[in-house]
Amino acid sequence: MKVFDLSALRRFDLILIGLLFIGLGWLLTIPRTTDFIIFCIFVLAYDLLYGYMGRLSFGHMLYLGVGAYAAALSAQHLSANPFVALLLALVCGGLVGLLIGPIIVRTTGACFALINLAFNQVGFFMAVTAFSDWTGGEDGLSAFFDPVMGVNFGKPWVVFGLSLACLLAVVYLMKRLIASPFGILLRTIKENETRVQFLGYDTFRYKLVAFVISTAVAAFAGGLTIVNYVFVTPSFVDPGRNVEVIFACLIGGAASIYGALTGGVVFMIIANYLPNHIERWEMFLGFVLLLLVFRFRAGLWRYIAALFTRHLGKEAVL
Amino acid sequence: MISTLAYGLTIGGILYIISIGLTLTFGTMRIVNFAHALVYTVGAYVVMTVTSKVWNNFFFAGVVAIAVAVPLSYAIERFVIRRLYGQSIDYAIIATYAVLLVGIDAVKWLWGATPMPLSDPLSGASITLGAVDLPLYRILVIGVALLVFVALEVFFRRTIVGKIVVAGLENKEAVRSLGINVDRFFTIVFLIGSALAALGGVLYAPITSIHPYMGFQVLLLCFAVVLVGGMGNIRGSFIAAFALGLVIAVTGRFWGPAAETMVFVVMAVVLIFKPIEA
């Protein structure tokens, strides 16, 4: 992981991230911050694909939705234990990735984005119409979770703690993954896939594994959302919402874990507080996206890191 | 069954007309243009406004719609897309999607978000074929699509501008090395594609209701057409459009809500057997 090289800070980054989110929870209320944390997990899953592997997916809501519905259905039919729901969300996300991944990862660029979008559309249809007896269609589905070992998951701060722990685990695992030979290979595929093939690697397999990890983690975020909201609606699979995660990834800075976290938090702050003041929300979003694409491609995190470097006079590695 | 087929061919014709612009912009400029849906939506809205407010003549309204769409798409090309030539395709996708968001919100601002119907311009006239009545308007749409196909074939095979564009699709650098300013011709192609998108919006408006998000759904279907037909392949998208139009119609006959989703299933199957490099 190449972020700015203040080695002392980097060693304690998990603690710092945890403290920052607890601070946010104190500032912006616990339930809202729980939303932020879950969205950050989703952005991290997305960033693995977009930032590190260089594949822009325009249909990642599908995988979030799979997790959300898996968790809700598990709570209704299987067990009221939230951990079962989360595990099932993770597994279902991975399975969906494994099922459609072989079709998707063979493509690149525009095709990759559009095929994801098409599958998202199919998933949306399945959730709203085809399996409406199971999913509740437009009305959605509620899910209730029992306390586990005396811990009540109806309490906001319990869900907050659970989400934060999950986020830190995901961040830690992502860091390990990115620094591993596998992660290096992913970044190499982003730069030049043909060369990787020349070196004798079966790129299809690596891309598929990365895709499945991404879908599974996205689905896990979906499952967490259900533990938080205890309610699932088709808006969790809505293809129109894909732009949110792309936006978050860009604003924070792609191909950086801290960038993804920054982007997730900044986007959620914008999305939570600005629509009350801005009448033309979609237009605003569109203009900011244009500005990001044309002027600020590096993302917020890199500006922050550069600022740190200038003030502390230390070497920044980006 | 005949009316189902006719419906499929109508949808196919409209999909063809809209997807030409997409496949051309992709083939020439390597750009996926989400803003195409905006031009299409604006076309439909202008037709509705002109027929209800200015002069209730569908043909005149259609011409006005295209006349409005061309400058609009020129502005999009000039200020957004041209700045992204040759860069990562992801940025083009995001930027044109942003344009779409801004434009659709502007449409909502101007016309409101409620769906509006547009009456059949041929006032429901129909022709009888065997035992079934076919609305004349649908036959007209199929006719227009065939006309567009023939016109484009002539344009690309017989005129100098068309030949330069075809050559540019094959190898941009080679054409440029002949001293031809390819990008100017690509702009022409872009405008033609956008005019056709507006035409598609005009033609589709009386069949469905007009609402701000009408572009999203059609755009997805057109992407499916472009992917199945082969990116940058004009004849391929002709065949793909009609085939997928029939898929929509036949599925819709048996299970209405699944009609458009079936297109993506077909697309996935096609992609399994025919991977694309792009």
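In this predicted model, A:Ala255 sits in the loop that joins helix H12 (242-252) to H13 of chain A. Its phi is positive, at about 60°, although the residue is not a glycine. Most residues other than glycine have a negative phi. With a relative accessibility of 22%, A:Ala255 counts as partly exposed, because only values under 20% are called buried.

A second residue of this kind is A:Val230, whose phi is near 50°, again a positive value in a residue other than glycine. A:Val230 is found in the loop between H11 and strand E2 (231-232) of chain A, and with a relative accessible area of 29% this valine is partly exposed.

Helix H13 of chain A, which covers residues 257-273, contains A:Ala260. Is A:Ala260 buried or exposed? Its relative accessible area is 0%, so A:Ala260 is buried. Not counting residues up to four places away in sequence, A:Ala260 touches A:Val43, A:Leu44, A:Asp47 and A:Gly253. A:Cys249 lies 11 residues from A:Ala260 along the chain, and the C-alpha atoms of these two residues are separated by 5.6 Å.

Another buried residue is A:Asn116, also with a relative accessible area of 0%, which belongs to helix H6 (residues 109-130) of chain A. Which residues does A:Asn116 touch, when those up to four places away in sequence are not counted? They are A:Ser57, A:Phe58, A:Gly59, A:Tyr63, A:Ile104 and A:Phe211.

A:Gly54 is placed in the loop between helix H3 (30-52) and helix H4 (61-78) of chain A. Leaving aside neighbours within four places in sequence, A:Gly54 is in contact with A:Leu49 and A:Lys190 in chain A and with B:Asp90 in chain B. Between A:Gly54 and A:Gly109 there are 55 residues of separation along the chain, while their C-alpha atoms are 8.4 Å apart.

In chain B, the residue B:Arg138 has its place in helix H5 (residues 136-158). Its relative accessible area of 25% makes B:Arg138 partly exposed. Once the neighbours within four places in sequence are left aside, B:Arg138 is in contact with B:Tyr7, B:Thr10 and B:Ile207. B:Arg138 and B:Gly8 are 130 residues apart in sequence, yet 9.9 Å apart in space from C-alpha to C-alpha.

The table gathers the accessibility of the residues discussed above.

| Residue | Relative accessible area | Class |
|---|---|---|
| A:Asn116 | 0% | buried |
| A:Ala260 | 0% | buried |
| A:Ala255 | 22% | partly exposed |
| B:Arg138 | 25% | partly exposed |
| A:Val230 | 29% | partly exposed |

The next topic is how helices pack against one another. Two packed helices are described by the angle between their axes and the distance between the axes. In chain A, helix H8 (residues 156-179) and helix H11 (residues 203-229) pack at an angle of about 170°, and their axes are 10 Å apart. That angle makes H8(A) roughly antiparallel to H11(A), because angles over 145 degrees are counted in this way. On the side of H8(A), the contact is made by A:Val159, A:Leu162, A:Ser163, A:Cys166, A:Val170 and A:Leu177, and on the side of H11(A) by A:Ile213, A:Val217, A:Phe220, A:Leu224, A:Val227 and A:Asn228. By class, these residues divide into 10 nonpolar, 2 polar and no charged.

The contact of H1(B) with H9(B) has 10 nonpolar residues, 2 polar ones and no charged ones.

Finally, chain A can be viewed as a whole. How many helices and strands are there in chain A? There are 15 helices and 2 strands. The C-alpha trace spans about 55 × 45 × 45 Å along its principal axes. For 318 residues, a compact globule would have a radius of gyration near 20 Å, and the 19 Å of chain A agrees with this. Of the 318 residues, 56% count as buried. Among the contacts in chain A with a separation of 6 or more, 78% come from residues 24 or more positions apart. Chain A exposes about 13600 Å², of which carbon and sulfur atoms supply 67%.

Definitions and conventions
Residues are numbered from 1 along each chain as its sequence is written. Chains are lettered from A and ligands numbered from 1 in the order in which they are written. This is a predicted model: local features need pLDDT of at least 70, side-chain atom pairs count only at pLDDT 80 or more; totals for chains, interfaces and linings use all residues. Side-chain values use heavy atoms; hydrogens and water are left out. Ala, Val, Leu, Ile, Met, Phe, Trp, Tyr, Cys and Pro count as nonpolar, Asp, Glu, Lys and Arg as charged, and the others, Gly among them, as polar. Helices (H or I, at least four residues) and strands (E, at least two) are DSSP runs, numbered from the N terminus. The radius of gyration is taken over C-alpha atoms; the globule rule is 2.2 Å times the number of residues to the power 0.38. Buried means under 20% relative accessible area, exposed over 50%, partly exposed in between (1.4 Å probe, protein chains only). Contact means heavy atoms within 4.5 Å. Accessible areas come from the Shrake-Rupley method with a 1.4 Å probe; for residues, only the protein chains shown count as cover. Axes are lines fitted to C-alpha atoms, for helices over the stretch in contact, and angles run from 0 to 180 degrees between N-to-C directions. Angles under 35 degrees count as roughly parallel, over 145 as roughly antiparallel, 65 to 115 as roughly perpendicular and the rest as oblique.
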